[in-house]
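My notes are below, in the order I looked things up.

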Amino acid sequence: MVSGGMACVKYLLFLFNLIFAITGIVFISVGAVILVVYNGYNNFVDSWFFAAPVLMIIVGVIVFLVSFFGCCGAVKENHCMIITFSVLLLLIFALELGAGITGYMMRGEVANMLHNRLNGTLRQYESNVDVQRSWDIMQHDLQCCGMNGPADWPMVGFPSNTVPDSCCKELPTQSKCDLNSIHIYGEGCMTKLQSAIENNAMILGGVGIGIALIQ
């Protein structure tokens with residue numbers, strides 16, 4: 001009877017660690033996706049913005065490795081591995097909460113960060129190839145134009161009411177995108193980018209805190 005009970009505990013512990021490993025993969029995936037999605041937007045966000053997804057990837061790797069100790073300890077009934085697993089589990093709990101809280105804290109800083117970054121890089125569009133690439137990617141992907149709207153571009157020196165070609169959905173051959181084009185995106189990029197970043201910060205926070213509480 002005791003032997004059967006121990007076997008049940010062993011398999012439950014193994015199942016728990018399998019689920020634990022899956023949560024590690026979820027952490028790695030969410031962090032990696034956010035880093036990849038915003039890779040082209042590095043000129044618009046401060047370096048601290050990438051701290052939460054990087055932390056999430058690190059935590060995910062640690063979770064996956066720790067789950068290995070747990071699985072091995074459960075199958076082999078190795079008490080040393082199980083104790084190591086328990087100690088590391090407490091550390092991971094703290095890191096997951098940290099990643100989640102960092103994600104939520106990011107939301108409060110997004111507006112000021114974007115205002116300063118977009119306003120500064122807008123004026124560098126024609127002189128900095130890297131900035132130009134970032135603006136073109138953002139305007140194309142988010143279907144927006146300028147910081148607050150298309151009128152921002154003539155204000156920073158674009159000639160004859162023209163705007164970057166990435167401000168237009170489509171252009172006739174050898175034509176330039178301008179304020180009178182029927183294909184121009186009418187919304188500014190700040191509102192759209194802010195909304196996207198805040199939503200992803202919510203996802204980071206929710207995943208981090210949610211999984212920490214479940215564990």
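What follows are my entries, going from the whole chain to single residues.

**Ground rules**

I am working from a predicted model, where local features need pLDDT of at least 70, side-chain atom pairs count only at pLDDT 80 or more, and totals for chains, interfaces and linings use all residues. I number residues from 1 along each chain as its sequence is written, and my side-chain values use heavy atoms, with hydrogens and water left out.

**Overall build**

I started with the secondary structure and got six helices and zero strands. My helices (H or I, at least four residues) and strands (E, at least two) are DSSP runs, numbered from the N terminus. Along the sequence I read the pattern as α-α-α-α-α-α.

Next I looked up burial. I call a residue buried under 20% relative accessible area, exposed over 50% and partly exposed in between, using a 1.4 Å probe and protein chains only. Of the 215 residues in the protein, 39% are buried.

Taking contacts with a separation of 6 or more, 72% are between residues 24 or more positions apart.

**Disulfides**

How many disulfides does the count come to? I count a pair of cysteine sulfur atoms within 2.5 Å as a disulfide, and I get three. Counting bonded cysteines along the chain, I wrote the pattern down as 1-6, 2-3, 4-5.

I took C144 to C189 to begin with, where the S to S distance is 2.0 Å. I get 95 degrees about the S-S bond, so the link of C144 and C189 is right-handed. C144 sits in the loop between α4 and α5 (152–155), while C189 belongs to helix α6 (residues 189–214), so this pair ties together parts 45 residues apart in sequence. C144 is buried at 0% relative accessibility, and C189 is buried with a relative accessible area of 0%.

Then I looked at C145 to C167, with S to S at 2.1 Å. The link of C145 and C167 is right-handed, with 85 degrees about the S-S bond. I have C145 as buried at 0%, and C167 as buried at 0%.

The remaining entry is C168 to C177, at 1.9 Å S to S. I noted 75 degrees about the S-S bond and a right-handed link for C168 and C177. C168 and C177 are both buried.

**Q139**

What does Q139 touch, leaving out residues up to four places away in sequence? I found C144, C145, G146, W153, P164, S166, C167, Y185 and C189. Q139 itself is in helix α4 (residues 129–142), and it counts as buried because its relative accessibility is 0%.

I also looked for a polar contact here, that is, a pair of N or O atoms within 3.5 Å; within protein, one must be able to donate a hydrogen and the other to accept it, and residues adjacent in sequence count only if both atoms are side-chain atoms. The side chains of Q139 and W153 make one at 3.2 Å.

**Q143**

I flagged Q143 for its phi near 55 degrees, a positive value in a residue other than glycine. Q143 is in the loop between α4 and α5, and it is partly exposed at 43% relative accessible area.

**Salt bridge**

My cut-off is a side-chain nitrogen of Lys or Arg within 4 Å of a carboxyl oxygen of Asp or Glu. That gives one salt bridge, between the side chains of E187 and K192 (3.9 Å, N to O). E187 is partly exposed at 47%, and K192 is partly exposed at 24%.

**Nonpolar patch**

Which residues form the nonpolar patch on the surface? I listed L12, F14, L15, L18, I19, I22 and V26, with about 600 Å² of accessible area together. Patch residues have over 30% relative accessible area and no salt bridge; like charges are joined within 9 Å, and nonpolar side chains (Val, Leu, Ile, Met, Phe, Trp, Tyr) within 5 Å. L12 is in helix α1 (residues 2–37) and is exposed, at 53% relative accessible area.

How values were computed: Contact = heavy atoms within 4.5 Å. Areas by Shrake-Rupley, 256 points an atom, 1.4 Å probe, with all protein chains shown as cover.
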